[in-house]
Amino acid sequence: MIDISDCDEWLSLKARASAAPTLRSAFADDPQRAERYSRAAAGLYVDFSKNRIDDAILSRLIALARRAGFEEARASLFAGAKINATEQRAVLHVALRDLAGRGYRTGAEDASGLAAAERRRIEAFCAQVHSGAATGFGGAPLDTVVNIGIGGSDLGPQMATDALKSYWLKGRRALFVSNVDGRHLADALESCDPGRTLFIIASKTFSTEETMTNAKSARAWFLQNGGSPRDIAKHFVALSTNGRAVTEFGIPPACMFRFWDWVGGRYSLWSAVGLSVALQIGYPNFEKLLAGAEAMDVHFREAPLEENLPALLALVGVWNRNFLGVAAHAVLPYDQRLARLPAYLQQLDMESNGKSRRVDGTPVKWATGPVIFGEPGTNGQHAFYQLIHQGTDVISADLVAAARVENELGEHHRILLANFIAQGEALMRGRTEAEARAELAAAGRSPADIGRIAPHMVFSGDRPTTSIVMERLSPETLGALIALYEHKIFCQGVVWGVNSFDQFGVELGKSLAKPILAEIAPPGASAPAASGHDASTRRLIDRINALRRRQTDSPSEGP
């Protein structure tokens with residue numbers, strides 16, 4: 001592999017960083033700046049003009065992407081090549097939303113055909129549930145879904161279901177359980193009628209510890225509350241690739257929906273993992289979600305780099321991360337329905353590009369994925385925006401909003417949109433001390449007060465933001481938005497030379513938890529002293545066991 005940091009394109013960008021334009025001057029000098037640094041595709045309008053770029057920087061970033069092999073990597077992805085090199089797998093989530101029949105393949109496998117066949121099964125299953133033909137053990141309709149998964153099989157469907165609340169079918173609800181903390185499952189089951197509940201167990205291998213622990217407890221609850229083993233087929237479905245384990249659990253093959261090794265967990269929303277979404281919003285709307293993502297796929301596949309939205313956002317992110325030293329990125333949806341979008345993108349981005357080794361196994365010598373966090377506006381404005389505006393670290397941000405909502409409530413949405421626009425402007429402009437003094441003087445403050453307060457009102461500005469606007473939040477625009485981020489993250493992985501599709505970093509902690517589990521005592525019991533660990537780990541295990549030996553439920557008892 002080439003050392004991208006030794007390339008002329010990288011070195012020229014590095015030299016340019018210290019002279020990057022200030023945003024106030026850039027807008028003052030170029031009345032057409034916003035128009036030149038905005039693009040539209042698949043129902044999304046994206047304005048990245050409030051980033052410290054100019055034509056020379058952007059052209060060098062595009063040249064850097066070409067030097068890194070972006071166009072070849074993009075072609076390999078769509079061709080079904082095994083670009084997940086460590087696991088020797090193709091990466092073909094685009095095939096899951098191939099509604100136009102472009103015919104994605106990997107080797108001899110017809111990925112598009114397999115995905116289409118499974119979509120027909122999902123559609124038929126939804127029709128059975130929605131028509132009332134599929135009933136519980138007492139003959140009642142199945143109107144409650146409990147989706148049990150973790151990671152992509154939880155974050156994706158939960159985010160999409162919440163986002164598309166305007167499209168929920170009347171009388172239906174969906175609950176999501178992921179945490180192995182038993183209270184998560186117990187809280188969900190409190191409101192469930194076992195005779196009307198459908199459990200979706202989402203685990204590719206059907207061996208994920210957290211998911212299977214919750215699944216077994218859900219099955220036990222079901223059997224203890226009126227269900228029988230023969231009723232499991234009516235109330236449990238599996239989303240998996242492991243037919244044997246599914247059958248051993250008690251779920252018949254007819255109640256198992258498949259996905260394949262070319263579908264990564266954090267890209268699985270578009271597969272059978274989206275069953276809970278389809279059941280809640282109806283299969284036709286689920287297919288519209290796929291269509292929105294497909295529209296962004298077409299744009300990403302066909303648009304040249306200079307016009308390619310995912311690629312341009314990726315390159316702006318590379319500029320901020322590698323040349324301006326921006327280590328954190330906020331996702332700020334000005335839409336309460338998108339409250340789970342930051343959490344979803346945390347996994348999508350940080351699990352994909354949180355890597356310190358390149359594809360060839362050599363150490364990375366440059367910064368890779370940023371820290372991703374976020375909260376809906378305007379909540380975040382009253383929480384962490386203070387640090388974004390005036391903190392010592394520069395943080396970039398994406399601000400996301402829909403111009404319209406159904407049934408606008410008074411002035412709420414206009415106020416929300418005003419804040420969405422104002423925050424981008426404030427982060428770009430900042431406030432000089434002279435402006436602060438003038439504002440205080442206009443408010444009638446004394447010279448002493450002005451001298452005391454004005455320095456604290458100074459904002460440096462030049463905080464990079466990108467604004468993403470859609471007409472309204474719909475299945476199509478949500479699909480396009482998610483696909484935009486998927487492809488952006490892939491592009492950045494190409495530039496950084498990392499494999500964006502494995503996640504070995506999550507495995508060490510899991511493997512260490514297994515022997516520790518045997519050393520943690522059941523409530524009220526004794527356990528052998530921990531051994532084979534560092535002193536801190538041993539002491540934590542012993543301390544927890546000592547606390548668990550106490551036979552009390554009093555929450556007020558001290559340590």
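## A helix and the cores

In this predicted model, Gly-430 has a positive phi of about 70 degrees, and it sits just after helix α18. That helix covers residues 412–429, 18 residues in total. From first C-alpha to last, α18 reaches 26 Å, close to the 26 Å expected at 1.5 Å a residue.

Which residues of α18 are buried? They are His-413, Leu-416, Leu-417, Phe-420, Gln-423, Gly-424, Leu-427 and Met-428. Viewed down the axis of α18, these buried residues fall within an arc of 130 degrees, so they line one face of the helix. Arg-414 and Ile-415, on the other side of α18, are exposed.

| Element | Residues |
|---|---|
| α2 | 23–29 |
| α17 | 385–390 |
| β12 | 396–402 |
| β13 | 465–470 |

In soluble globular proteins, nonpolar side chains tend to be buried together. Here the largest nonpolar core has 139 residues, and Ile-251, Leu-275 and Leu-478 have the most contacts inside it. Helix α21 (residues 475–496) gives this core its largest share, 13 residues. A second, separate core holds 14 residues, including Tyr-334, Ile-388, Ile-395 and Leu-416. Leu-416 is also among the buried residues of α18.

What does Leu-275 touch, leaving aside its neighbours within four places in sequence? Leu-275 is in contact with Ile-122, Phe-125, Cys-126, Ile-200, Val-237, Leu-239 and Phe-257.

Notes
Residues numbered from 1 in each chain as written. Predicted model: local features only at pLDDT ≥ 70, side-chain atom pairs only at ≥ 80, totals over all residues. Heavy atoms only, no water. Core = buried A, V, L, I, M, F, W, Y, C linked by side-chain atoms within 4.5 Å. Buried < 20%, exposed > 50% of the residue type's maximum accessible area, 1.4 Å probe, protein only. Helix = DSSP H or I, 4+ residues; strand = E, 2+ residues; numbered from the N terminus. Contact = heavy atoms within 4.5 Å. Expected span 1.5 Å × (residues − 1). Arc of directions from axis to C-beta.
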